[in-house]
Amino acid sequence: MKKQEKKKRRLQFPTAFTVLFIILILAAVLTYIVPAGLYSKLSYDSEPNIFLVENHLGEVTTFPATQETLENLNIKMNISKFVDGSIKKPIAIPGTYQRIEQSPQGLLSVIMSPIQGIMDTVDIMVFVLILGGIIGLINKTGTFDAGIAALSKRTKGKEFLLVVFVSLLIAIGGTTFGLAEETIALYPILMPIFLASGYDAIVCIAAIYMGSSIGSMFSTVNPFSVVIASDAAGISFNEGLAFRGISLVLAMIITLIYIYRYARKIKNDPQSSLIYEDKEKIEEKFLKHYDPENVVPFNWRRILMLVVFLGAFPVMIWGVSTGVWWFPEMSGLFLTVTFIIAFLSGFSEKEAVNTFIEGAADLIGVVLIIGVARAINIVMDNGVISDTLLNYTSSIIGNMNRGVFSAVQMVLFSFLGFFVPSSSGLATLSMPIMAPLADTVGLSRAVVVTAYNWGQGWMAFITPTGLILATLEMVDVTYNKWLKFILPLMGIIGVFSIIMLVLQTML
């Protein structure tokens, strides 16, 4: 018996922290192998109305902010994109790549990078901790349990409609303004509802995470990805918009069918769940206070708390989508909600504060994962290898025929997306280099923008440096179980995307 237990322990998949630290070490090793290099970068200074060009040695030269300057630098975009603020980050100048002295990241850099990563992501971490505190407060009042019971009665026999509604709503947020990190707040709310409906945690993750991922991957007007990429490519984001919209609808249908097949299997046979062995542990975490036979009444006080909490989300979406807010403002919003809910809860001051702290403590693991994931990008940035990888990939497709150009670009952008996880960062870095390559094979630059968006978004299904490990930590699902679920869908979406890209090339 003891031997079997030891064998079982040896076969367990490592935790999210271990996975990230392994990748962190591999990233550090890459800084010894991949040559360091930089493109010269161009930025715009609005006050004196000049361009600043910083070369690989860090030397800065000024140029008049004119269209002629851009043409001389072989940057094929209109100067209005800089003047109106569409392009805010420095962009790479084509043909300026230079090798620089190697900057390998040793043991000390690896040790210090998670600390720096935590410091860099403290705004996201504060947001997550405040959400955890609010959810702890609402949970203790029995509001979620009462709401679950009321919702279960109304959706009995139609539970999958909830999956469709949640996925479509989040996909709309993803395609319009890149809704992603904000969805972390939804798991503690929706997980009990999905579990009470007879589904497992993976169905809930798929509904939320894939709604966000498909929406962001097939972005239509997302200002943080497709709009910035189009501006950096020197075209209007309206080019290819209808095609991207059609692709979004088809990809969402494929995803919902895939989730439905798995969800139906779970409903018919709970033991077919990929995480059946963790069923009791997950239900204990999310349904420990939920007893369908003995639920507190869904009275005016609990309804009001739920309205206040859920009402904060449209406000948050407005703030983010208009570009007025980011994580500090979102944290301020939910801190205000905390005070209102603490008052409505009827708890004493001491009980409310302690409950808030306990709720925040439940998400400590999640926020630390966010910091460690950032550490990987810090190591690669300090190793100065991102521009080298861009130079390599652009040279691969430089002489390709148009038949495979777009498909290979999507694959290469998936690769680059792992090393430059910021959608706006990858767009401003790569588009001035990649977009002109479309001209050499007689294609619209909109094809390159599509390949960028789909490539980076496709890799986000599984990228450990993205949001997925923090999500899995929140719901107690291991990374290997997620891979087992998502890889077939990833393959289907990948093939679908390449077919659509080839079709766009033909059109």
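Predicted model: local features only at pLDDT ≥ 70, side-chain atom pairs only at ≥ 80, totals over all residues.
Local features need pLDDT of at least 70 and side-chain atom pairs count only at pLDDT 80 or more, while totals for chains, interfaces and linings use all residues. Residues are numbered from 1 along each chain as its sequence is written, and side-chain values use heavy atoms, with hydrogens and water left out.

The largest nonpolar core takes in 169 residues. A core here is a set of buried Ala, Val, Leu, Ile, Met, Phe, Trp, Tyr and Cys residues joined through side-chain atoms within 4.5 Å, with buried meaning under 20% relative accessible area, exposed over 50% and partly exposed in between (1.4 Å probe, protein chains only). L42, F309, F334 and M431 have the most contacts inside this core. Helix α10 (residues 201-217) gives the most to it, at 12 residues; helices (H or I, at least four residues) and strands (E, at least two) are DSSP runs, numbered from the N terminus. Beyond its neighbours within four places in sequence, M431 is in contact (heavy atoms within 4.5 Å) with A229, A232, A233, F413, L426, P436, V448, V449 and Y452.

Strand β3 (residues 50-54) has F51 and V53 on a covered face, and I50, L52 and E54 on an uncovered one. Strands pair if DSSP finds at least two bridges between them. β3 pairs in the antiparallel sense with β2 (residues 41-45) over 5 bridges, and likewise with β4 (residues 60-64) over 5 bridges. V53 stands opposite L42 in β2 and opposite T61 in β4. As for the turns, the β2 and β3 hairpin has 4 residues between its strands, and N49 takes a positive phi near 60°. The hairpin of β3 and β4 has 5, with G58 at a positive phi near 85°.
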